[in-house]
Amino acid sequence: MSAEAAASRPPVSCRILLDSFEGPLDLLLYLIRRDELDITEIPVSHVADQYLKYIRDAKNLNINVASEYLVMAATLTSIKSRSLLPTHRYGDEDPEDPVAELRRQLILYRAFREIARELQQSEDTWRDIYISRGERERWSDDRMEVEPGQATLLDLLRALESLSEESDETLPGQTIQRRQLTITECIDSLERAILPGRSVSFRTVLGRNPSRNLVISYFVTLLELMKRGWIACRQAYPFAEITLERTERWTLDS
Amino acid sequence: MILDRLSREIEALVFASDSPLTISELCELTGSGEDSVEQALQRIEVSFSEQQHALNIVEVAGGYRLATEEEFGPVLSQLFEGQKPGKLSRAALETLAVVAYSQPCTRTAIDSVRGVNCDSAIRTLLERDMIRISGRRETPGRPLLYSTTSVFLEYFGLADIDHLPRVEEITELLGMSSSELEERDLFGGAPQEPDPGE
């Protein structure tokens with residue numbers, strides 16, 4: 001690879017480094033083993049530094065992945081800062097030990113990680129073993145009766161999927177057109193409704209049984225006309241009838 | 001070795017059955033006692049291996065099945081090319097391990113053991129029938145509970161759920177932590193000795 005190509009290559013992001021880990025606990029266990037530390041007596045300050053260094057190299061962290069790693073970073077920082085401060089013990093009260101909790105989490109996770117490895121070995125073996133399935137296909141009714149409440153959501157989705165695979169017909173469709181009412185159209189009709197020198201109520205302008213869409217369109221139009229100073233609106237008290245009147249500017253501007 | 005009548009009956013039953021047959025089912029179907037069924041199963045096993053057959057009788061997912069020997073995997077896989085689902089990811093295997101040992105368990109419990117969000121792993125395992133939704137926990141929010149299935153046992157060649165690797169060790173580990181947690185919850189951080197006077 002030429003020097004130019006190497007320079008233009010993006011720096012190795014921590015995302016790639018983190019991709020080989022199954023989360024913050026996995027990364028911590030890796031760091032502990034790498035530095036040959038004893039899991040039962042973790043020097044938190046050292047581990048926290050190593051962990052934060054690893055995370056700091058991460059420039060392009062996926063936010064979903066990052067959040068989990070960052071929570072651990074915060075926990076470690078908190079434990080470290082606490083260990084630097086003098087501790088006061090009040091009576092024989094035993095405060096919750098975050099290090100013990102972390103240790104418990106690590107030991108538990110490590111156990112399951114080992115189990116997962118053992119399962120993987122069984123998977124490798126048993127993928128190569130083929131088991132006779134018996135005579136279900138021939139003699140049994142595969143459409144087994146399902147008791148109410150036994151079918152899961154997944155069963156229903158599978159049933160739907162097999163159904164849509166079977167039928168080639170597409171579902172009948174219908175196109176619904178949305179009727180659009182523009183402010184310009186509203187202004188035009190208001191021009192006819194509000195005659196010069198007369199006052200009209202908003203209710204009259206809307207007519208009988210107006211749709212919600214219509215009311216909103218006309219109301220927005222009113223606001224627009226008021227902004228332009230083309231109409232004057234009066235309302236005696238909240239929710240009372242609105243009376244509309246033309247101003248002289250309407251005729252002058254338009 | 002020439003097989004006796006009972007052994008051959010059992011062999012035929014296991015061959016034709018669509019689900020694994022348990023010892024007690026075999027007793028009922030053949031009208032024999034448990035001891036003689038177990039001995040007959042052993043004789044079948046010996047007979048298969050003595051005559052170098054590609055098959056043998058195995059205990060898996062709670063009962064007996066006829067299965068091919070591992071070494072014929074490559075030749076057999078040609079029959080199912082492109083149909084066999086891929087191997088499970090590490091995330092899926094870890095999630096499955098947690099469910100297997102602490103079932104029925106909630107998603108939150110799995111997340112907290114693994115220290116990461118396990119949503120997509122759970123979805124994969126549900127789709128592959130390795131786990132199922134087995135109910136809801138009667139706590140606020142009524143979270144879903146997950147358990148493993150017989151597909152899981154068969155996939156990993158496990159006789160039953162008690163035959164998981166190091167089951168006692170892990171159960172002890174889980175029990176320890178949960179009692180610790182419980183005490184912490186109940187007594188606000190100070191584990192207390194149980195009062196012997198009670």
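Before the details, some ground rules. This is a predicted model, where local features need pLDDT of at least 70, side-chain atom pairs count only at pLDDT 80 or more, and totals for chains, interfaces and linings use all residues. Residues are numbered from 1 along each chain as its sequence is written, chains are lettered from A, and ligands are numbered from 1, in the order in which they are written.

Back to the helix pair. Helices here are DSSP runs of H or I with at least four residues, strands are runs of E with at least two, and both are numbered from the N terminus. Axes are lines fitted to C-alpha atoms, for helices over the stretch in contact, and angles run from 0 to 180 degrees between N-to-C directions.

Which residues meet? From helix 6 of chain A, they include Phe112(A), Ile115(A) and Leu119(A). From helix 5 of chain B, they include Leu93(B), Leu96(B) and Val98(B). Contact means C-beta atoms, placed from the backbone, within 7 Å. By class, this helix contact has 8 nonpolar, 1 polar and 3 charged residues. Nonpolar means Ala, Val, Leu, Ile, Met, Phe, Trp, Tyr, Cys and Pro; charged means Asp, Glu, Lys and Arg; the others, Gly among them, are polar.

Now the whole interface. Chain B gives 39 residues and chain A gives 38. On the chain B side, helix 5 supplies the largest share, 7 residues. That side divides into 21 nonpolar, 8 polar and 10 charged residues.

Next, chain B itself. Its secondary structure comes to 9 helices and 4 strands. Of its 198 residues, 29% are buried, with 20 or more other C-beta atoms within 10 Å of their own; exposed means 12 or fewer, partly exposed in between, with C-beta atoms placed from the backbone.

Last, a sheet in chain A. It is open, has 3 strands in the order 1-3-2, and pairs antiparallel. Two strands pair if DSSP finds at least two bridges between them. Strand 1 (199-201) and strand 2 (231-235) are the edges. The twist averages 25 degrees from one strand to the next. Strand 1 joins strand 3 (residues 242-246) through 3 bridges. Ser201(A) stands opposite Thr243(A) in strand 3.

Note on methods:
Two residues are in contact if their C-beta atoms, placed from the backbone, lie within 7 Å.
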